[in-house]
Amino acid sequence: MEQKRIKIKNLLVSNEVGSEVNVKGWVRTKRGNKQINFIALNDGSTIQNLQIVVDVPNFNEDLLKKISTGAAISVIGEVIASQGSGQSVEISATRIEVLGVADPEKYPLQPKKHSLEFLREKAHLRFRTSTFSAVFRIRHAMAFAVHEFFNKKGFFYMHTPLITGSDAEGAGEMFRVSTLNAKNPPLNEDGSINYKEDFFGKETNLTVSGQLEGELGAMALGEIYTFGPTFRAENSNTTRHLAEFWMIEPEMAFYDITDNMDLAEEFLKYMIKYALDNCMEDLEFLSKRLQEEEKGKKDSEKSMELIQKLRFVLENDFVRLTYTEAIEILRNCQPNKKKKFQYLINEWGADLQSEHERYLVEKKFEKPVILIDYPKEIKSFYMKQNEDGKTVAAMDILFPGIGEIIGGSQREEDLDKLVTRMKEMGIPAEDMDWYLDTRRFGTATHSGFGLGFERMMLFVTGMGNIRDVIPFPRTPKNAEF
Ligand code: ATP
Ligand code: MN
């Protein structure tokens with residue numbers, strides 16, 4: 001077929017009735033009778049299927065038999081005005097070539113609704129459903145928006161290492177990287193494994209965060225961001241945690257905690273606006289999907305309509321609140337008094353669980369919340385110690401339906417305070433000399449945060465399980481495909 005192929009998305013925009021075109025794609029459905037067939041064709045460029053009208057007597061019967069759900073076909077035909085509702089145009093086929101058949105006895109996706117659980121087991125084919133193609137088109141758009149946002153602001157994209165020799169942040173939840181023989185590793189005299197003989201001559205792991213290296217970049221380039229995969233061997237089988245996820249970590253010299261919050265809020269709103277401006281068809285589809293899914297629920301349990309929710313977050317200021325204020329609210333709230341929380345809030349210092357975060361966001365304020373000034377005991381060593389001696393300049397951003405979406409802080413720039421805190425927390429300063437050099441030479445106020453890309457994807461798409469917003473999820477006992 002010599003005719004140049006046009007993507008369905010472009011065809012639906014250009015709308016040239018009367019012209020001859022070539023489209024290629026995968027069959028979603030085929031229906032009709034002995035006279036006329038209708039094929040819904042999708043090529044991934046858009047959520048919309050293109051209707052192909054087939055005048056059956058003009059085509060070879062065997063050829064038409066090969067066209068079933070999942071088959072790849074190439075069609076040449078004339079663009080005609082659509083008879084039915086839906087699209088403005090369809091194709092009256094003159095030539096059809098079957099590029100690849102999909103045996104209906106064996107092809108796992110039928111032209112009916114499949115559960116998300118079923119599709120997770122067919123993750124290699126789920127891209128071919130409307131739901132997942134919408135999710136992954138939006139995922140692309142969101143990744144692009146991340147780079148656009150930071151590029152416009154003059155941040156530099158920095159690649160931090162995936163293999164790390166420091167375990168300061170992730171003790172206990174890191175994946176070891178080793179080329180030693182697992183069955184028979186070289187041992188020290190005391191029976192422990194001798195990592196001096198390992199590939200890097202020391203113990204190495206997959207990174208849990210690019211922040212520490214990001215700080216080194218920021219203290220020279222001014223404003224940087226990382227955007228890469230992150231690995232955490234946490235055995236928490238939740239709908240919000242993956243063992244391999246993508247994180248965006250900006251790090252900025254001369255920003256204090258307020259500048260940090262302002263940037264984070266602007267960034268989240270930029271991404272939401274980008275989705276509304278560029279992904280409306282996919283969002284509309286996902287909104288309908290969600291409403292469909294929640295049909296059985298009581299009105300009080302239904303979530304806000306997806307697009308309305310995105311606009312709402314875009315148009316309202318986030319609530320900013322200290323941890324101490326949050327504890328007061330939580331201690332006195334109904335679910336705490338009636339012992340409805342799994343973890344009751346009794347005293348200052350308690351770590352907030354996602355049930356508490358969601359109470360604040362969904363019940364109390366009904367808006368995203370930025371919580372600051374957490375007790376130093378429940379936060380990382382590098383966070384700036386506040387004057388009160390009890391709290392650090394940490395900030396967590398909490399989103400409806402998600403809980404924590406961003407974790408960040410102003411960093412401790414004072415060498416002595418930092419080293420003292422590391423000692424208290426049992427973090428070996430001698431392994432971290434390279435990090436401490438930023439405080440030794442030209443230290444300055446600086447801040448940063450980490451956004452979990454998949455948590456943002458959950459929010460934007462309205463999907464309920466983090467396994468459904470990354471192409472191939474890695475979770476405990478699952479690394480298929
Ligand atoms: P949580 O309490 O939800 O486990 P965290 O405190 O461990 O989060 P941070 O270390 O601050 O999270 O990481 C920054 C961001 O990365 C989080 O706000 C969240 O959006 C995301 N994130 C953290 N852990 C995971 C995970 N296992 N899977 C997906 N995203 C994650
Ligand atoms: Mn965690």
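# Notebook: salt bridges, a ligand shell and a surface patch

I started with one pair: Asp 396 and Lys 379 meet through their side chains in a salt bridge, 3.1 Å from N to O. I then looked up where the two sit. Asp 396 belongs to strand β14 (residues 391–399), and Lys 379 to the loop between β13 (369–375) and β14. The two are 17 residues apart, and the pair links distant parts of the chain. Are they buried or exposed? I find both Asp 396 and Lys 379 buried.

I note here that the model is predicted. Every value below is computed from that predicted model.

**Entry: the whole protein**

I took the overall numbers next. The protein has 481 residues, and 49% of them are buried. I list 14 helices and 16 strands. Along the principal axes, the C-alpha atoms fill a box of roughly 85 × 55 × 45 Å.

Val 27 and Tyr 323 are 296 residues apart in sequence. Their C-alpha atoms are 54 Å apart in space. Val 27 is in strand β1 (residues 20–32). Its relative accessible area is 3%, so I log Val 27 as buried.

How many salt bridges does a search of the whole structure find? I get 29. Side chains of opposite charge can pair when their charged atoms come close.

I picked Arg 5 and Asp 43 from the set. Their side chains form a salt bridge at 3.9 Å, N to O. Arg 5 lies in the segment before α1 (8–14), while Asp 43 lies in the loop between β2 (36–42) and β3 (50–55). The pair therefore ties together parts that are 38 residues apart in sequence. Arg 5 has a relative accessible area of 39% and counts as partly exposed. Asp 43 has 13% relative accessibility, so it counts as buried. The cut-off for buried is under 20%.

Next I looked at Asp 433 and Arg 440. They form a salt bridge, with the closest N and O atoms 3.2 Å apart. Asp 433 is partly exposed, because its relative accessibility is 38%. Arg 440 is partly exposed as well, at 35% relative accessible area. I then searched for shared partners. Glu 215, Glu 251, Arg 411 and Arg 439 are joined into one network by salt bridges that share partners.

**Entry: back to β14**

I returned to the strand that holds Asp 396. Thr 391 has a relative accessible area of 5%, so I mark it as buried. What does its side chain contact? I found a polar contact of 2.7 Å between the side chains of Thr 391 and Asp 388.

**Entry: around ligand 1**

I moved on to the ligand. There are 15 residues around ligand 1. Which of them come nearest? I noted Glu 234, His 241, Glu 404, Ile 405 and Arg 455.

I sorted the shell by residue class. It divides into six nonpolar, four polar and five charged residues. Then I sorted the shell by strand. At least two residues come from each of β11 (244–253), β15 (403–410) and β16 (446–452). The largest share is from β15, with four residues.

- Glu 234 has a polar side-chain atom 2.4 Å from a nitrogen atom of ligand 1.
- Arg 455 has a polar side-chain atom 2.8 Å from an oxygen atom of ligand 1.
- Arg 232 has a side-chain N or O atom 3.0 Å from an oxygen atom of ligand 1.

I then checked how much of the ligand is covered. Ligand 1 exposes 590 Å² when taken alone, and the protein buries 77% of that.

**Entry: a nonpolar surface patch**

I followed up on one of them. Ile 163 is in strand β7 (residues 163–164). At 38% relative accessibility, I record Ile 163 as partly exposed.

Methods:
Residues numbered from 1 in each chain as written. Chains lettered and ligands numbered in written order. Predicted model: local features only at pLDDT ≥ 70, side-chain atom pairs only at ≥ 80, totals over all residues. Heavy atoms only, no water. Near = heavy atom within 4 Å. Polar contact = N/O pair within 3.5 Å; in protein donor to acceptor, adjacent residues only side chain to side chain. Areas by Shrake-Rupley, 256 points an atom, 1.4 Å probe, with all protein chains shown as cover. Nonpolar A, V, L, I, M, F, W, Y, C, P; charged D, E, K, R; others polar. Buried < 20%, exposed > 50% of the residue type's maximum accessible area, 1.4 Å probe, protein only. Salt bridge = Lys/Arg side-chain N within 4 Å of Asp/Glu carboxyl O.
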